Amino acid sequence: MDNKFQVTVIGGGPAGYVCAIRLSQLGLKTACIESRGTLGGTCLNIGCIPSKSLLNLSEEFYKAKNLSKLGIDTGEVKLNLEKMMKNKNKSVDVLTKGVEFLLKKNKITYFKGTGSFKSKNQISVKTKDSNILIESEKTIICTGSEPVSLPGVKIDEKQILSSTGALSISSVPKKMLIVGAGYIGLEMGSVWSRLGSEVHVVEFLDHILPGMDKEISQEFMKILNKQGISFHLNTKVNSINKTKSGILTNTTNDKGKGSKIESDVVLISVGRKPYTKDLNLDKIGVQLDKKGKIKVNKNFETNIKNIFAIGDVIEGPMLAHKAEEEGIAVAELIAGQSGHVNYEVIPGVVYTSPEVACVGKTEEQLKEINYSYKVGKFPFMANSRAKAIDVTEGFVKILTDSKTDRVLGAHIIGQHAGEMIAEISLAMEFGASSEDIARTCHAHPTFSEAIKEAALSVDKRTIHS
């Protein structure tokens, strides 16, 4: 095998495999190194895909148990958790094999092993059976991220879990405590709550979904409360200890009052950190920032010429679709094209029921910089499709420039929010105004009509509310 490549991608997650495919499309001899043994990274193996599978399956289970309320009588509905987990694993298996096929189709050399730099142009790949030395003119680092724990708390993935362990619990815990009210914690909490767990969430801040528009997070917490999830806000975790009966968590709230929470399992969901160990970055002198993220310039190049970095290992939201965009952009830049990523239009989605989705600025961000803006809102309670199928929780909120009417951001809580946010993202990418959205014909009856009505609401001219 000729182990000389024009570009080598270290990491086979959303950033890496997408980047490798685009590089190959552009005519560059490309290699991709992945240590996991399967492609797709955290997202496909132990993140986005398996969690969405469980979110969907648990929602179907919940719906089936409540069909009689809709006039559909069935027999007793039982949970078969083992079969549910097998279904989840099947989804992951099919997709990871699909990505491997795509690399083969695009004539990318795939190394199953751990890559580390011997020099700026030499990479050692430690495989199951041997060490392979490859030479590469350019290298792209996209090794992703890993969960962060709390000081002094060791994750064992049995009783004290990261998101990885929360995807593979063998039996439904009677009580689950989640530390951190971000995307991952709330999604996993929703899954196990629907399957029968008593779920409690401890959050250090005074609201859930940090960084999300506060009006959305407040509405979302009300809905989750109705679903049976309990929240302990303004609360700090002091210690987590195993006991004979389970886990004991000691907390203190902002008023100094301490409390003890007993649970069967604890999910630590307080964030993620870049995964850069074993790369030997210090040997070649690649610079990191204080957070351990790799420093790059506007072209994703590190301080070492011809070594690039993208995805979770650099600054920005740790999202698969952000990583994919960077993968395509850096490939095109290396090929002499004008790749770029518009970081102002990176949507975020929480795949609970109802879903929460956002793109662009929040009201809090606009207020902080004294930006003059308008707000348009429309509730799903007044949307005919939502009323017809009895899923009326939530609303659409659009923020626009008060002078130019250009859309600055949008925030949706409701069924199919994750799909609907794409319309706003596209509108923002093209610099659209709320007037542009309002004058675009939307099919009736659809959830997307709420977007049109929210756009009309910017100028206080909604039709159906």
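The views show a predicted model, in which local features need pLDDT of at least 70 and side-chain atom pairs count only at pLDDT 80 or more, while totals for chains, interfaces and linings use all residues. Residues are numbered from 1 along each chain as its sequence is written, and side-chain values use heavy atoms, with hydrogens and water left out.

**Figure 1. Helix H12 and its surroundings.** Helices (H or I, at least four residues) and strands (E, at least two) are DSSP runs, numbered from the N terminus. Helix H12 comprises 13 residues, 417-429, and reaches 18 Å from its first C-alpha to its last, close to the 18 Å expected at 1.5 Å a residue; the expected span is 1.5 Å times one less than the number of residues. Buried means under 20% relative accessible area, exposed over 50% and partly exposed in between, with a 1.4 Å probe and protein chains only. Ala417, Gly418, Met420, Ile421, Ile424, Ser425, Ala427 and Met428 of H12 are buried. These buried residues fall within an arc of 160 degrees as seen down the axis of H12, so they line one face of the helix; the arc is that of the directions from the helix axis to the C-beta atoms. Glu419 and Leu426, on the other side of H12, are exposed. Among the elements that cover the buried residues of H12 are strands S18 (348-350), S19 (355-360), S21 (395-401) and S22 (407-414), together with helices H13 (434-438) and H14 (449-457). Contact means heavy atoms within 4.5 Å. After H12 comes glycine 431, with a positive phi near 70 degrees.

Figure 2. Rolling a probe the size of a water molecule over the atoms shows where empty space is left. On a 1 Å grid over the protein atoms alone, a pocket is an open set of points where a 1.4 Å probe fits, with protein on both sides within 12 Å along at least five of seven lines; lining residues have an atom within 4 Å of a point. The second largest pocket has a volume of about 1200 Å³, a volume being the space filled by probe spheres set on the points. Its lining has 31 residues, of which Glu59, Lys63, Ser353, Val391 and Gln415 are the closest to the centre. Helix H3 (48-65), helix H6 (183-194) and H12 each supply at least two lining residues, and H3 gives the most, with seven.

Figure 3. Most residues other than glycine have a negative phi, and most peptide bonds are trans. The bond from serine 353 to proline 354 is cis, with omega near 5 degrees, and proline 354 is found in the loop between S18 and S19. The bond from histidine 444 to proline 445 is also cis, with omega near 0 degrees; proline 445 lies between H13 and H14. Lysine 107 has a positive phi, near 60 degrees, and belongs to the loop between helix H4 (81-105) and strand S3 (109-112). Its relative accessible area is 73%, and lysine 107 is exposed. Aspartate 405, in the loop between S21 and S22, has a positive phi near 70 degrees, but at 15% relative accessibility aspartate 405 counts as buried.

**Figure 4. Lysine 293 and its contacts.** Lysine 293 is found in the loop between helix H8 (281-284) and strand S17 (307-309). With a relative accessible area of 9%, lysine 293 is buried. Leaving aside neighbours within four places in sequence, its contacts include Pro274, Gln287, Asp312 and Glu315.

**Figure 5. Helix H9 and its cover.** The 15 residues of helix H9 (residues 320-334) should span 21 Å at 1.5 Å a residue, and the end C-alpha atoms are 21 Å apart, which agrees. Among the buried residues of H9 are Ala320, Lys322, Glu326, Val330 and Ile334. Their cover includes strand S1 (4-10), helix H1 (14-25), helix H3 and strand S17. Just after H9, glycine 336 takes a positive phi of about 90 degrees.
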